[in-house]
Amino acid sequence: MYRFDEEYCLETFKKLIAVDSTTGQYEEIQRLAISMIEELGFPYTVTHKGGVIAELGGEGEPLVVTAHLDDIGLMVRHINADGTLNLCPVGGLYPFYCVTENVRVYTHSGKVYTGTVCRTPNSIHVTEEETRTVLPDFRTNVCVVLDENVRTAEETRGLGVETGDIIALEPRFTISNGYIKSRFVDDKAAAAVLFAAMREIAEGRLKLSRKVYAYFAVYEEIGHGTSWLPADTRDILAVDIAPTGPVQNSDERRVSIFAKDSRYPYHVAMTGELRDTAAAIGADYVMDIFTPHYGTDCDTSLVAGYDVRHAAIGFGTANSHGYERTHIDGLRNTFNLLCAYMER
């Protein structure tokens, strides 16, 4: 097996989630990714829309390994008469998964305000029972209450808050008994695993069998993260979460190899190579299918017309697109399979 530096991986994950990067808000996370790539000593390029692609070395039949750095979040749809903010989701965020969360609102001028996602009305003690039973809905009864002395739409606009401002949720990272709980395990934990593998290459413990790019995309959550690839790409491998559920094989302590998602089957031959590799190194793995609401950036590249093979792997993750949970063993198994496949 390879040397999985648990401390480095977790510290990298915490660095990444400390930077708000709701899809479209990529500048700061891009700067952080670049600084980490430079520290490891790899050359890189930046895509016009914000992604970062590191060249990891190797020769022949280039493989792109991708993990995305954008997060689901919210946007100001309009300002309500009482100064609260009406919302719309950015990516697959549902109201019941974000009510009561603390948030940061990023204005066009650069000012940042804190607030809380609330139901309206928000106090149980003074709300009629029939109102409380209505499911939360961004359009009608969910809002952000700013931590500012505002009571009207005009006062809120006076702060510089306006329609289109991005709203980021607090990650709330914690770890207990090996279980990692946080928002944005999808997909910053996968990016941390990729950085850990890159460190093995940089320090000479992992020898590549082919040319490899590490692609940190920033628009995966809305479906066009890797719609552009380096021209010589032959294969693309996504490292992403493997959602757990009643009919899923995925487990938080294992690595999943994806057979199919809600869009397409993954490339049978490339998926078979991953299965053989996992078996050869004794990785704790399962095969799984993810429907009806799941896809990876591999799908994006196929839709864009690239003639590439595609596959995906990832650690089992509970509560996807909510307050997510995985286990350090899942990250370790994903790391080992990723390293072994790049060396295959």
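Student: Which side chain does R205 meet in a salt bridge?
Tutor: The side chain of E203, at 2.4 Å, N to O. A salt bridge here is a side-chain nitrogen of Lys or Arg within 4 Å of a carboxyl oxygen of Asp or Glu. This is a predicted model: local features need pLDDT of at least 70, side-chain atom pairs count only at pLDDT 80 or more, and totals for chains, interfaces and linings use all residues. Residues are numbered from 1 along each chain as its sequence is written, and side-chain values use heavy atoms, with hydrogens and water left out.

Student: Which residues are linked with them in a network?
Tutor: R3, D5, R199 and E200 join E203 and R205 in a network of salt bridges.

Student: How many salt bridges does the structure hold?
Tutor: It holds 26. One of them pairs D299 with R263, at 3.4 Å, N to O. D299 lies in helix α7 (residues 297–303) and R263 in the loop between β15 and α6, so the pair ties together parts 36 residues apart in sequence. Helices (H or I, at least four residues) and strands (E, at least two) are DSSP runs, numbered from the N terminus.

Student: Is D299 buried or exposed?
Tutor: D299 is buried, at 0% relative accessibility. R263 is partly exposed, at 43%.

Key
Buried means under 20% relative accessible area, exposed over 50%, partly exposed in between (1.4 Å probe, protein chains only).
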